[in-house]
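Subject: Structure for you to look at

Dear colleague,

I am passing on the structure we spoke of, together with some notes on what came out of going through it. Please open it alongside the text below and tell me where you would read it otherwise.

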Amino acid sequence: DSDEQNSKANPPPELCPEDAVACRDVELQVLPEHGAGLDLTADSHGYLVDSVEGKPSQQLVPGDVILEIDSVALWGDLGEDVLGEAFGSRFAAGARLRVAERAAIQGRPLWQPLGLGAISSRCEILLEALREDLSIM
């Protein structure tokens, strides 16, 4: 009962977009002879980018964390096997990655704007079908 009273007396701070770290969306580049050119380590926020090779050119830098791939969440305590399966399920040239700088997200909320613009170019047919469905509603 005292825990309940403490939580009412000290409510958690209200968060707003200004308090959150902005995420960015980038398109994964994959070349048949080079792969993605990324060295990644499993992290509680997703995959930590350890290094980026020169080919193919990526919009990622060491210290970035890949939080999502084509809207599939990679954060949380997934374990390496589940994380690898989730990432691998969408790994392909053109996949949309949601990333943030790891140092910036430690202990802070993430600002993830919603919208249709984040859908990968590989999903144009699905995006058009979704737009049609939304116009019917």
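Predicted model: local features only at pLDDT ≥ 70, side-chain atom pairs only at ≥ 80, totals over all residues.

A residue is called buried here when its relative accessible area is under 20%, and exposed when that area is over 50%. The mean pLDDT of the protein chain is 79, with 69% of its residues at 70 or more; confidence is lowest in helix α1 (residues 2-9), where the mean is 55, and highest in strand β4 (residues 46-52), where it is 94.

As for the overall layout, the protein chain has four helices and eight strands, which follow one another from the N terminus as α-β-β-β-β-β-β-α-β-α-β-α. Of the contacts between residues at least 6 apart in sequence, 60% join residues at least 24 apart. The accessible surface of the chain is about 8700 Å², and carbon and sulfur atoms account for 53% of that surface.

A hairpin of two residues joins β3 to β4, and the two strands pair in the antiparallel sense over six bridges, with T41 having L48 in β4 as its bridge partner. V52 also belongs to strand β4 and is partly exposed, its relative accessible area being 27%. Although V52 and L38 are 14 residues apart in sequence, their C-alpha atoms lie 4.8 Å apart; beyond its neighbours within four places in sequence, V52 is in contact with G37, L38, Q58, L60, V61 and P62.

A36 counts as buried because its relative accessible area is 9%, which is under 20%. Leaving out residues up to four places away in sequence, A36 touches L28, Q29, V30, P56, Q58 and F91, while its C-alpha atom is separated by 8.3 Å from that of E53, 17 residues away along the chain.

Helix α2 (residues 80-88) has L83, A86 and F87 as buried residues. They lie on the same side of α2, because the arc they cover around the axis is only 95°. The face turned away from that buried side carries the exposed residues D81 and E85, whereas the buried residues of α2 pack against β3, β4, β5 (64-69), β6 (72-73) and β7 (96-101).

With best wishes

Notes:
Residues numbered from 1 in each chain as written. Heavy atoms only, no water. Buried < 20%, exposed > 50% of the residue type's maximum accessible area, 1.4 Å probe, protein only. Contact = heavy atoms within 4.5 Å. pLDDT = per-residue confidence, 0-100. Pairing = 2+ DSSP bridges. Areas by Shrake-Rupley, 256 points an atom, 1.4 Å probe, with all protein chains shown as cover. Arc of directions from axis to C-beta.
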